[in-house]
Structure formats: structure tokens, C-alpha cells
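This report describes one protein model in plain terms. Please look at the sequence and the model below before reading on.

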Amino acid sequence: LLKPLHAAIEDGDPIAAVICGTAVNSDGRSQGMAAPSQKAQATCVRAAYDAAGLDPAQTHYVEAHGTGTRQGDPTELRALGEVLGEGRPQGQPCLVGSVKSNLGHGETAAGITGLIKTVLCLQQRRIPASLHYRRPHPGLDLPGLGLEVNTTLQAFPGEPQQPVASVSSFGFGGTNAHLLF
């Protein structure tokens with residue numbers, strides 16, 4: 001159940017995670033889900049971090065939308081790298097995963113499934129492997145983007161006191177959404 005933090009505290013609810021920044025935008029007319037706008041996605045990611053007052057380079061993990069398409073994944077990863085890779089310390093990439101490698105594409109439930117996975121990751125302080133991942137798209141320089149696809153079950157890098165994770169999502173018609181914990 002999602003509710004405002006003050007209401008959860010007042011009601012005595014257990015709090016699994018706190019969403020500290022969100023953003024939604026649209027790149028206008030799109031050529032479909034397989035042809036997202038890198039510029040609009042990067043703008044959306046930046047807006048979420050601005051709303052939270054956090055430096056994107058502090059992010060330990062991002063749950064990518066991960067369409068599995070030749071155009072969608074590279075566009076999304078370039079947009080994420082443009083924002084999350086900026087100012088990131090050398091040798092400390094932001095780990096990337098997508099629940100779709102574990103469950104498939106949930107269509108309209110894809111975004112909430114990624115959110116649930118990320119909350120579970122934060123609770124367990126573990127990031128599961130992205131199944132079936134072998135190698136990056138040939139046109140992508142993941143280290144140059146400050147990103148690394150997570151291929152094994154592992155703890156959040158450096159066992160941070162307060163891990164930072166985010167969820168990226170987009171859909172038909174050019175809608176982009178990003179939230180962070």
C-alpha cells in the first residue's frame with residue numbers, strides 16, 4: 001500500500017521504503033514503446049533527483065524498464081548513464097537490473113512490479129541477478145556510462161547505511177516515469 005509517510009507513521013503502519021523523489025513527463029508523440037526518447041528520459045530522471053535533492057551519482061542501483069528491444073534498452077541505458085553516471089567515482093558503477101529478466105513483461109503492471117522488486121531489494125539489502133544477461137548491446141559502453149548490469153546476487157555496493165535506488169519506466173505514447181528511494 002502506498003501512502004504519505006506522515007499518514008503511515010500516524011497509522012502505525014510498517015514502512016518498507018520511502019519514496020523521496022518522483023517525476024513524470026512525456027516526449028510528445030512517440031514512435032511507440034520500442035522508440036523512446038533519450039532526451040525526455042534523461043530529463044525525467046534529473047527531475048526526480050532534483051525533487052529529492054539528491055546527487056544522482058549516489059545511486060547504488062536502478063531498476064530499468066528493460067524492454068529487451070534493440071532500440072529501447074540502449075536508449076534507456078544511455079539516458080540513465082547520462083544522469084547517473086555524471087560525477088560518479090571511477091570504479092563505482094551504478095548497478096542495473098530489470099525484473100523482466102525474472103518474470104517477463106507485465107505490460108501495464110511492469111512499473112509496479114519494478115517498484116515492488118526494488119523495495120524488496122532495499123529491505124533485504126541485496127540485489128538479485130539479471131537472468132539471461134550475457135553481454136551488453138554492441139553499441140553501448142556501459143563502463144563509460146557508469147553502469148553495470150548486475151549478474152550475481154550481491155549486497156548493495158559498499159554496504160551503505162542508506163542505499164539509494166531508483167526505478168525507471170516508460171510506456172506507449174512517450175510517457176516516462178522515474179522514482180527514487
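R88 is buried, as its relative accessible area is 13%; buried means under 20%, exposed over 50% and partly exposed in between, with a 1.4 Å probe and protein chains only. The residue sits in the loop between α3 (72–84) and β3. Helices (H or I, at least four residues) and strands (E, at least two) are DSSP runs, numbered from the N terminus. Leaving aside residues up to four places away in sequence, R88 touches P56, A57, T59, P93, C94 and G146, where contact means heavy atoms within 4.5 Å. From R88 to D55 the C-alpha distance is 9.6 Å, and 33 residues separate the two in sequence.

D141 is partly exposed, with a relative accessible area of 48%. Its place is the loop between β4 (126–127) and α6 (142–145). G81 is 60 residues from D141 along the chain, and their C-alpha atoms are separated by 9.7 Å.

## Basis of the model

The model is predicted: local features need pLDDT of at least 70 and side-chain atom pairs count only at pLDDT 80 or more, while totals for chains, interfaces and linings use all residues. Residues are numbered from 1 along each chain as its sequence is written, and side-chain values use heavy atoms, with hydrogens and water left out.

## Overall make-up

The protein has six helices and eight strands. Along the sequence they follow the pattern α-β-α-β-α-β-α-α-β-α-β-β-β-β.

Of the 181 residues in the protein, 46% are buried. Among contacts with a separation of 6 or more, 76% are between residues 24 or more positions apart.

## The sheet

Strands of a sheet pair through backbone hydrogen bonds, either parallel or antiparallel. Here six strands form an open sheet in the order β1-β8-β7-β2-β3-β5, with mixed pairing; two strands pair if DSSP finds at least two bridges between them. At the edges stand β1 (21–26) and β5 (147–149), each with a single partner strand, so one side of each has no neighbour in the sheet. On average, neighbouring strands are turned by 20° against each other, direction ignored.

β1 and β8 run antiparallel and are joined by six bridges, and G21 has L180 in β8 as its bridge partner. Five bridges join β7 to β8, also antiparallel, with F170 partnered by N176 in β8. In contrast, β2 (residues 61–63) and β7 (residues 165–170) run parallel, joined by three bridges, and E63 stands opposite V167 in β7.

## Helices across the sheet

Helix α2 (residues 38–52) lies across β1, β7 and β8 (175–180), at about 150° to β1. α5 lies across β2, β3 (94–97), β7 and β8, at about 170° to β7. Such angles run from 0 to 180 degrees between N-to-C directions, with axes fitted to C-alpha atoms, for helices over the stretch in contact.

## The second largest pocket

The second largest pocket holds about 500 Å³ of space. On a 1 Å grid over the protein atoms alone, a pocket is an open set of points where a 1.4 Å probe fits, with protein on both sides within 12 Å along at least five of seven lines; lining residues have an atom within 4 Å of a point. Grid points are joined across faces, edges and corners, and the volume is the space filled by probe spheres set on the points.

The lining of this pocket has 19 residues, with L1, L2, K3, A16 and A17 nearest the centre. α1 (5–11) and α5 (110–124) each supply at least two lining residues, and α5 gives the most, with five. By class, 17 are nonpolar, none is polar and two are charged. Ala, Val, Leu, Ile, Met, Phe, Trp, Tyr, Cys and Pro count as nonpolar, Asp, Glu, Lys and Arg as charged, and the others, Gly among them, as polar.
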